[in-house]
Amino acid sequence: MSALPKCPACSSEYTYEQGNMYVCPECAHEWSQNAVADGGEQERVWQDANGNTLQDGDSVTVIKDLKIKGSSSVVKVGTKVKNIRLIDGDHDIDCKIDGIGAMQLKSMFVKKA
C-alpha cells in the first residue's frame with residue numbers, strides 16, 4: 001500500500017484518492033495529485049453544489065432559501081446571481097444580489113447557471 005500525503009489544509013493523515021485528486025474527509029479539501037508530485041503550489045478549485053467548477057464572472061443560482069444574518073430578509077430559491085467573484089474563506093463567493101446588495105455566499109448553496 002502506498003503512503004498518501006497528509007492534507008495541506010489541516011494536516012490530517014486520513015486522505016484518500018478520488019480520480020486524479022486527493023480528498024481530506026475531515027476538512028473536505030481537495031487537491032490534485034500532480035500538485036503533490038510536482039511539489040509546487042496548488043491552485044484552489046471552487047465547486048458548486050453539483051461539483052461544477054466555478055470561476056470569476058460566472059452566474060449562479062441559489063438552491064436553498066438563505067436567511068440573512070441580522071435582517072429579516074431572505075434570499076429565495078432560484079435567485080440568479082451574476083458576475084460572482086471567488087474569494088478565500090468560509091463564505092467563498094462575493095457578489096451583489098438585486099434588491100439586497102453586496103453579500104457573501106457559500107458555494108455549497110449555489111449551482112452554476
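Helices and strands here are DSSP runs, numbered from the N terminus: a helix is H or I with at least four residues, a strand is E with at least two. Keep that in mind as we go through.

Good morning. This is a predicted model, where local features need pLDDT of at least 70, side-chain atom pairs count only at pLDDT 80 or more, and totals for chains, interfaces and linings use all residues. Residues are numbered from 1 along each chain as its sequence is written, and side-chain values use heavy atoms, with hydrogens and water left out.

Start with the loop between strand 2 (21–23) and strand 3 (30–32). A28 lies there. Its phi is positive, about 65°, although A28 is not a glycine. Most residues other than glycine have a negative phi. Is A28 buried or exposed? A28 counts as exposed, because its relative accessibility is 59%. The cut-offs use a 1.4 Å probe and protein chains only: buried is under 20% relative accessible area, exposed is over 50%, and partly exposed is in between.

S11 also has a positive phi, near 65°, and is a residue other than glycine. You find S11 in the segment before strand 1 (16–18).

Now the sheets. Two strands pair if DSSP finds at least two bridges between them. Strands of a sheet pair through backbone hydrogen bonds, either parallel or antiparallel.

How many bridges join strand 2 to strand 3? There are 3, and the two strands run antiparallel. Y22 has W31 in strand 3 as its bridge partner.

A further open sheet of 3 strands has the order 10-11-12, again with antiparallel pairing. Strand 10 (85–86) and strand 12 are its edge strands, each pairing on one side only. Strand 10 and strand 11 (residues 93–97) run antiparallel and are joined by 2 bridges. R85 stands opposite D94 in strand 11.

On to the pockets. On a 1 Å grid over the protein atoms alone, a pocket is an open set of points with protein on both sides within 12 Å along at least five of seven lines, and lining residues have an atom within 4 Å of a point.

The largest pocket holds about 660 Å³ of space. It is lined by 22 residues, and A28, H29, R44, V45 and D92 lie nearest its centre. So our exposed alanine returns, because A28 counts as exposed at 59%. Strand 3 and strand 4 (46–47) are the elements that give two or more residues to the lining of the largest pocket. Strand 3 gives the largest share, 3 residues.

The second largest pocket has a volume of about 150 Å³. Its lining includes L66, K67, H91, M103 and F109. Strand 7 (66–67) and strand 12 (101–105) are the elements that give two or more residues to that lining. Strand 12 gives the most, with 3 residues.

That is the tour. Thank you.

Terms used. 1 Å grid on protein atoms, 1.4 Å probe; cavity = no way out; pocket = protein on both sides within 12 Å on 5 of 7 lines; lining within 4 Å. Points joined across faces, edges and corners; volume = space filled by probe spheres on them.
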